[in-house]
Amino acid sequence: MFWPMLAIALGFLGIAVLGVLAIRVFVEVQRLGRQVAHTTERISQAADDLETAAFGLARTGESLR
């Protein structure tokens with residue numbers, strides 16, 4: 001009777017550990033998703049700034065002719 005109860009207890013413990021690890025992975029994936037979104041916004045802003053600077057430089061170059 002001892003061995004079947006031990007096997008059930010260890011099985012439950014294993015499932016509990018896997019559940020905790022799954023929750024930790026979910027939280028880290030959410031955090032990574034937020035970082036990717038923030039980085040995408042920063043890259044978009046930098047591209048807009050670069051486009052604005054290139055337009056200003058092109059306008060300055062045309063006025064030198």
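**View 1. R42 is an exposed residue, with a relative accessible area of 60%.** Here, exposed means over 50% relative accessible area, buried means under 20%, and partly exposed is what falls in between (1.4 Å probe, protein chains only). The model is predicted, so local features need pLDDT of at least 70 and side-chain atom pairs count only at pLDDT 80 or more, while totals for chains, interfaces and linings use all residues. Residue numbers start from 1 along each chain as its sequence is written, and side-chain values use heavy atoms, with hydrogens and water left out. R42 sits in helix α1; helices are DSSP runs (H or I, at least four residues), numbered from the N terminus. Go ten residues along the sequence between R42 and L32, and the C-alpha atoms end up 15 Å apart in space.

**View 2. E28 and R31 join side chains in a salt bridge.** The N to O distance is 2.8 Å, and the cut-off is a side-chain nitrogen of Lys or Arg within 4 Å of a carboxyl oxygen of Asp or Glu. The structure has one salt bridge. Both partners belong to helix α1 (residues 2-63), three residues apart, or about one turn of the helix. E28 is partly exposed at 40% relative accessible area, and R31 is partly exposed too, at 42%.

**View 3. One aromatic pair turns up by the ring rule.** That pair is F2 with W3, edge-to-face, at 5.2 Å centre to centre and 70 degrees between the planes. The rule takes rings of Phe, Tyr and Trp (its six-membered ring) with centres within 6.5 Å; planes under 30 degrees apart are stacked, over 60 edge-to-face, and the rest tilted. F2 and W3 are both exposed.

Definitions and conventions:
Helices (H or I, at least four residues) and strands (E, at least two) are DSSP runs, numbered from the N terminus.
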